[in-house]
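Q: Can we go through this one together? I'd like to take it topic by topic.

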Amino acid sequence: MIIHNLHAEKILDSRGNWTVRAYINGVSGTAPSGASTGTYEAKVMPADKAVNMINTKLQRLVGENINQIDADILIETLDGTDNFDKIGGNTAIAVSFAVFNAIHNSKKITKEIFPYPLGNVFGGGAHGGSTTFQEFLALPTKAKSIYEALDTNVQLHKRLRETLNKKAKTVGINDEGALTADIDDFKALDIITDLAEDIGCRIGLDVAASEFFNKEKYTYRSLKKTLTPADQLDFLTETARKYKLIYLEDPFEENDFENTQKLTKKIGNKCLVCGDDLFVTDEKRLQKGITLGAANSLIIKPNQAGTISLAQDTITLAKKHDITPIVSHRSGETEDSTISRLALFWSAPIIKAGVIDMRISKLNELIHLWNMAETPSMTKLKLK
Ligand code: PGA
Ligand code: ZN
């Protein structure tokens, strides 16, 4: 593809913060943003600076006849640091997404195996809400189509809202469109587990443990308890067993490969123990996890890496070692639906992209791709 023109604009995201959108040959890509960001993620530039960077330094891409990998290498070279310190990972991913979308604009994505949507139905932590666990997630493992899968998650969200309206005093919606209420983590798990059993889906948690780790301890303000890492291991093992969790993300703070390994050994045959802040979509950190046996799943957030190609290297390594990759949105999002096309393109078995609000742009893109496919089917999950 020849890059005829590249320009950027500053736009709003779902939290009302400014972000950057890049256009290549009239086709766009937009950077999302996190609230519970990992320390080792690509650096984020203020939106004004990111726009300026694209409209000046990154103009070097204009005139190139280029594929995704070469475009991404050129973006990485123009930055020249390890973690996009100079141009910003948000700047890089907006352009990298725009390259992908411009290349695939007129080409059909020919993959026909669809990922299961992992949907955040209830939450707390850094996204807003009373619980310490950040996300309570639904995985519709029995669904036979993308329609059925998305409908299952939506039903759980709706039924949960009805139940909370009866059982809690204050019910709200947080940054990711997940419900919030003045109930603690166990009450939430009790209610959601019952509904999920009735609806026929599995549930999981994003613990996002770095957010409440301080001075060697995990402080669950909602449960009025403070746990050492060893206590946290026992506590989460028991919680995963009691609630038959199929998914547990970031169970320990972002540097604790050792306890993540211990937990994976204990529950990994029944549960996806997933690294988000632990791996930050980084090939080297994932390699460390593989060597140590820490986690059997990882979150792929392209903006943590900075370019699509860097994220792709990480997903390739994951697949080689039987680590389940989950392509994911961020809590700060826009109508950009690139991750839905990427999840299909990469044959990822699971996509984490919310349930309602503006996240439906990603879910509706999955529906569109399903309708465009000749013989679409859902992927085969290792755990059901
Ligand atoms: P973030 O969180 O996008 O706010 O960092 C989402 C997650 O932790 O999965
Ligand atoms: Zn997470």
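A: What follows covers the domains, the cores, the ligand and a few loop residues.

Q: Is this from an experiment or predicted?
A: This is a predicted model.

Q: OK. What domains does the assignment give?
A: The domain assignment gives domain 1 (6-104) and domain 2 (113-378).

Q: How far apart are the C-alpha centres of domain 1 and domain 2?
A: They lie 26 Å apart. The contact between the two takes 35 residues from domain 1 and 33 residues from domain 2.

Q: Now the inside. Which residues touch the most other members of the largest nonpolar core?
A: Leu58, Leu61, Val95 and Tyr247 do, in a core of 84 residues.

Q: And which helix gives the most to this core?
A: Helix α3 (residues 89-104), which contributes 10 residues. The core also draws at least three residues from each of domain 1 (6-104) and domain 2 (113-378).

Q: Take Val95. What is Val95 in contact with, leaving aside neighbours within four places in sequence?
A: Val95 contacts Leu6, Ala22, Ile24, Ile54, Leu58, Leu61 and Ile75. Two of those names, Leu58 and Leu61, are on the list of residues touching the most other core members.

Q: What about a second core, and which residues does it include?
A: There is a separate core of 41 residues, with Phe133, Ile183, Leu189 and Ile203 among its members.

Q: Switching to the ligand. Which residues come nearest to ligand 1?
A: Ala35, His127, Arg330, Ser331 and Lys352 come nearest, out of 15 residues around ligand 1.

Q: Which polar side-chain atoms lie by its oxygen atoms, and at what distance?
A: His127 has a polar side-chain atom 2.9 Å from an oxygen atom of ligand 1. For Asp206 the corresponding distance to a ligand 1 oxygen atom is 3.1 Å. For Glu135, a polar side-chain atom lies 3.5 Å from an oxygen atom of ligand 1.

Q: How much of ligand 1 does the protein bury?
A: The protein buries 99% of the 280 Å² that ligand 1 exposes when taken alone.

Q: Next, Asp175. Where is Asp175 found?
A: Asp175 sits in the loop between β7 (171-173) and β8 (179-181).

Q: Is Asp175 buried, exposed or partly exposed, and why?
A: Asp175 counts as partly exposed because its relative accessible area is 26%, and that class runs between the 20% and 50% cut-offs.

Q: What does Asp175 contact beyond its sequence neighbours?
A: Leaving aside neighbours within four places in sequence, Asp175 is in contact with Arg15, Ala126, His127, Ser331, Asp357 and Arg359. With Arg15 there is a polar contact between the two side chains, at 2.8 Å. His127 and Ser331 are also among the residues that come nearest to ligand 1.

Q: Asp357 came up there. What is its phi?
A: Asp357 has a positive phi of about 55 degrees, although it is not a glycine. Most residues other than glycine have a negative phi.

Q: Where does Asp357 lie?
A: In the loop between β17 (350-352) and α12 (360-372). Asp357 is partly exposed, with a relative accessible area of 30%.

Q: Which other non-glycine residue has a positive phi?
A: Glu216 is one, with a phi of about 70 degrees. Its place is in the loop between β10 (213-214) and β11 (217-220).

Q: Is Glu216 buried or exposed?
A: Glu216 is exposed, because its relative accessible area is 57% and the cut-off for exposed is over 50%.

Key: Residues numbered from 1 in each chain as written. Chains lettered and ligands numbered in written order. Predicted model: local features only at pLDDT ≥ 70, side-chain atom pairs only at ≥ 80, totals over all residues. Heavy atoms only, no water. Core = buried A, V, L, I, M, F, W, Y, C linked by side-chain atoms within 4.5 Å. Buried < 20%, exposed > 50% of the residue type's maximum accessible area, 1.4 Å probe, protein only. Helix = DSSP H or I, 4+ residues; strand = E, 2+ residues; numbered from the N terminus. Domains from an automatic or database assignment. Contact = heavy atoms within 4.5 Å. Near = heavy atom within 4 Å. Polar contact = N/O pair within 3.5 Å; in protein donor to acceptor, adjacent residues only side chain to side chain. Areas by Shrake-Rupley, 256 points an atom, 1.4 Å probe, with all protein chains shown as cover.
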